[in-house]
Amino acid sequence: MKYLILLGPVLLGLVAGCAFAQDDKAAAARQEEQRSCSPCHSLRLVDSQRLSQAAWDKELTKMIGWGAVVSNRQLLLDYLSQQYGVCVPRTADPLSANGAKSHGSGR
Ligand code: HEC
């Protein structure tokens, strides 16, 4: 039953075209994320979020205000809001596993 609940957003996501095309643009965006966002904290902090485009926009403004250097903001915003948007299901974080299986929210 839980799997059905998890599968719903995946299917919807595919239909709605939520997935970011795995092409050069995605690779460039990933590089941009690495360069701009990893000096201060792990990218896990970024990649574990599920935010709308407007929320990512605010998040970028906040991080830039704190000193993040972003050279291609639009590319990064598109990438974050599609790759880590509200329509993308959360995945279990392998690094936070303490020997126990992930339950509940799946974070
Ligand atoms: C100048 C340092 C710095 C840079 C560069 C930076 N951040 Fe952050 N970020 C922070 C700090 C400080 C926090 C709060 C950390 C905490 O709560 O442990 C944070 C937290 C976050 C959070 C968690 C939610 C929140 O608002 O507290 C997200 C999401 C995030 N950053 C995204 C990004 C993204 C995306 C980038 C790249 C564009 C980025 N950050 C670059 C300093 C930075």
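Colleague: What should I know before reading the model?

Modeller: The model is predicted; local features need pLDDT of at least 70, side-chain atom pairs count only at pLDDT 80 or more, and totals for chains, interfaces and linings use all residues. Residues are numbered from 1 along each chain as its sequence is written.

Colleague: What is the mean pLDDT of the protein?

Modeller: The mean pLDDT is 82, and 67% of the residues reach 70 or more. Here pLDDT is the predictor's confidence in each residue, from 0 to 100.

Colleague: What span should α4 have?

Modeller: At 1.5 Å a residue, the 13 residues of α4 should span 18 Å, and its end C-alpha atoms are 18 Å apart, which agrees. The expected span of a helix is 1.5 Å times one less than its number of residues. Just after α4, G67 takes a positive phi of about 120 degrees.

Colleague: On to the ligand. How many residues surround it?

Modeller: The ligand is surrounded by 16 residues, and the closest are C37, C40, M63, G67 and A68. A residue is near a molecule or strand if its C-beta atom, placed from the backbone, lies within 6 Å of it.

Colleague: Which helix supplies the largest share of that shell?

Modeller: Helix α4 does, with four residues. Helices α2 (24–37), α3 (43–47) and α4 each supply at least two residues.

Colleague: And by class, what does the shell have?

Modeller: It has 10 nonpolar, four polar and two charged residues. Ala, Val, Leu, Ile, Met, Phe, Trp, Tyr, Cys and Pro count as nonpolar, Asp, Glu, Lys and Arg as charged, and the others, Gly among them, as polar.

Colleague: Which residues form the largest nonpolar core?

Modeller: That core has five residues: A29, W56, L76, Y79 and L80. Its largest share, three residues, comes from helix α5 (residues 73–83). A nonpolar core is a set of buried Ala, Val, Leu, Ile, Met, Phe, Trp, Tyr and Cys residues joined through C-beta atoms within 7 Å.

Colleague: Which residues of α5 are buried?

Modeller: They are L76, Y79, L80, S81 and Q82. A residue is buried if 20 or more other C-beta atoms lie within 10 Å of its own, exposed if 12 or fewer, and partly exposed in between, with C-beta atoms placed from the backbone.

Colleague: Why does D78 count as partly exposed?

Modeller: D78, found in helix α5, is partly exposed because 17 other C-beta atoms lie within 10 Å. D78 and A29 are 49 residues apart in sequence and 8.6 Å apart in space, C-alpha to C-alpha.

Colleague: Last one: what does V86 touch?

Modeller: Not counting residues up to four places away in sequence, V86 touches R50, L51 and S52. Two residues are in contact if their C-beta atoms, placed from the backbone, lie within 7 Å. V86 is in the segment after α5.
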